Amino acid sequence: MLHEKHEDSIPQIRLIEGVIQQNEKLVRLLADTASVMIWKAGGNTLCYYFNSIWLEFRGRELAQEIGTSWID
């Protein structure tokens with residue numbers, strides 16, 4: 001019986017994963033098309049996301065800003 005429950009949950013898990021991926025794409029699209037600078041940092045002040053407006057303002061590529069390089 002436990003085996004049947006596990007197999008039934010696999011399609012649900014895949015569906016949820018698909019929804020999460022679609023939501024992530026939507027959030028990135030919204031952030032990249034927003035007319036404000038958006039960035040995401042961890043608790044250690046290392047930044048790992050900058051939207052296109054930020055990068056245009058700074059005149060730099062994403063690889064140049066990642067980590068603590070944005071502080072320069």
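The model is a predicted one, in which local features need pLDDT of at least 70 and side-chain atom pairs count only at pLDDT 80 or more, while totals for chains, interfaces and linings use all residues. Residues are numbered from 1 along each chain as its sequence is written, and side-chain values use heavy atoms, leaving out hydrogens and water.

Two aromatic pairs are found in the structure; rings of Phe, Tyr and Trp (its six-membered ring) pair if their centres lie within 6.5 Å, and their planes count as stacked under 30 degrees apart, edge-to-face over 60 and tilted for the rest. The ring centres of W39 and W54 are 5.0 Å apart with planes at 50°, so this pair is tilted. Because W39 belongs to strand β1 (residues 39–41) and W54 to helix α2 (residues 52–58), the pair ties together parts 15 residues apart in sequence. Helices (H or I, at least four residues) and strands (E, at least two) are DSSP runs numbered from the N terminus. W39 is partly exposed, at 44% relative accessible area. F50 and W54 form a tilted pair too, since their ring centres lie 4.9 Å apart and their planes meet at 40°. Both F50 and W54 are buried, and ring pairs join W39, F50 and W54 into a cluster.

Turning to the strands, β1 pairs with β2 (residues 47–50) in the antiparallel sense over three bridges, where pairing requires at least two DSSP bridges between two strands. K40 stands opposite Y49 in β2.

How values were computed
Buried means under 20% relative accessible area, exposed over 50%, partly exposed in between (1.4 Å probe, protein chains only).
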